[in-house]
Amino acid sequence: MPAINIEDLSEKDKLKMEVEQLRKEVKLERQPVSKCSEEIKNYIEERSGEDPLVKGVPEEKNPFKEKGGCIIA
């Protein structure tokens with residue numbers, strides 16, 4: 001789908017796009033932030049033991065570790 005330059009559209013076309021977007025959004029199921037944030041927190045805490053950003057990567061499995069040094073003489 002080609003990109004649409006909003007500045008090139010008429011006011012009527014802009015309003016049609018806005019109405020179309022609002023029709024899509026009104027169908028979405030809404031939940032309170034307090035409930036969602038609690039679920040996200042629990043999800044993260046349950047998986048933090050497996051997360052390499054939290055736990056780190058073992059040296060033998062790290063594909064980015066230095067293979068050798070460089071000596072400048």
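Me: Which residues does the UniProt annotation "domain: G protein gamma" cover?
Reply: Residues 5-73, and that comes from an unreviewed entry. UniProt positions are given in the numbering used here, feature names are shortened, and annotations may be inferred rather than shown by experiment. The model itself is predicted: local features need pLDDT of at least 70, side-chain atom pairs count only at pLDDT 80 or more, and totals for chains, interfaces and linings use all residues. Residues are numbered from 1 along each chain as its sequence is written, and side-chain values use heavy atoms, with hydrogens and water left out.

Me: What's the helix and strand content over residues 5-73?
Reply: That stretch is 51% helix and 0% strand, and its end C-alpha atoms sit 56 Å apart. Helices (H or I, at least four residues) and strands (E, at least two) are DSSP runs, numbered from the N terminus.

Me: And how many helices in the protein chain?
Reply: Three helices, with zero strands. The order from the N terminus on is α-α-α.

Me: OK, what about the radius of gyration of the protein chain?
Reply: The protein chain has 25 Å, while a compact globule of 73 residues would be near 11 Å. The radius is taken over C-alpha atoms, and the globule rule is 2.2 Å times the number of residues to the power 0.38. Along its principal axes, the C-alpha trace spans about 70 × 45 × 20 Å.

Me: What share of the 73 residues counts as buried?
Reply: 0% of them. Buried means under 20% relative accessible area, exposed means over 50%, and partly exposed is in between (1.4 Å probe, protein chains only).

Me: Switching to electrostatics. How many salt bridges turn up in the whole structure?
Reply: Three. The criterion is a side-chain nitrogen of Lys or Arg within 4 Å of a carboxyl oxygen of Asp or Glu.

Me: Which residue does Lys24 pair with?
Reply: Glu20, with the closest N and O atoms 3.8 Å apart.

Me: What's the salt bridge partner of Lys35?
Reply: Lys35 goes with Glu39, and the closest N and O atoms are 4.0 Å apart. They are four residues apart in helix α2 (residues 33-47), so again the separation is about one helical turn. Lys35 is partly exposed at 43%, and Glu39 is partly exposed at 43%.

Me: And Arg47, which partner does that one have?
Reply: Glu46, where the closest N and O atoms are 3.2 Å apart. Arg47 is partly exposed at 34% relative accessible area, whereas Glu46 counts as exposed at 59%.

Me: How far apart are the mean positions of the positive and negative charges?
Reply: 4 Å, for 14 positive and 17 negative charges. Lys and Arg count as positive, Asp and Glu as negative, and His and the chain ends are not counted. Each charge is placed at NZ of Lys, CZ of Arg, CG of Asp or CD of Glu.

Me: Last topic, where is Lys61?
Reply: Lys61 is in the segment after α3 (52-55), and it is exposed at 63%. Lys61 and Asp8 are 53 residues apart in sequence and 52 Å apart in space, C-alpha to C-alpha.

Me: Is Phe64 buried or exposed?
Reply: Exposed, at 76% relative accessibility. Phe64 also lies in the segment after α3. From Phe64 to Met17 there are 47 residues in sequence and 46 Å in space, C-alpha to C-alpha.
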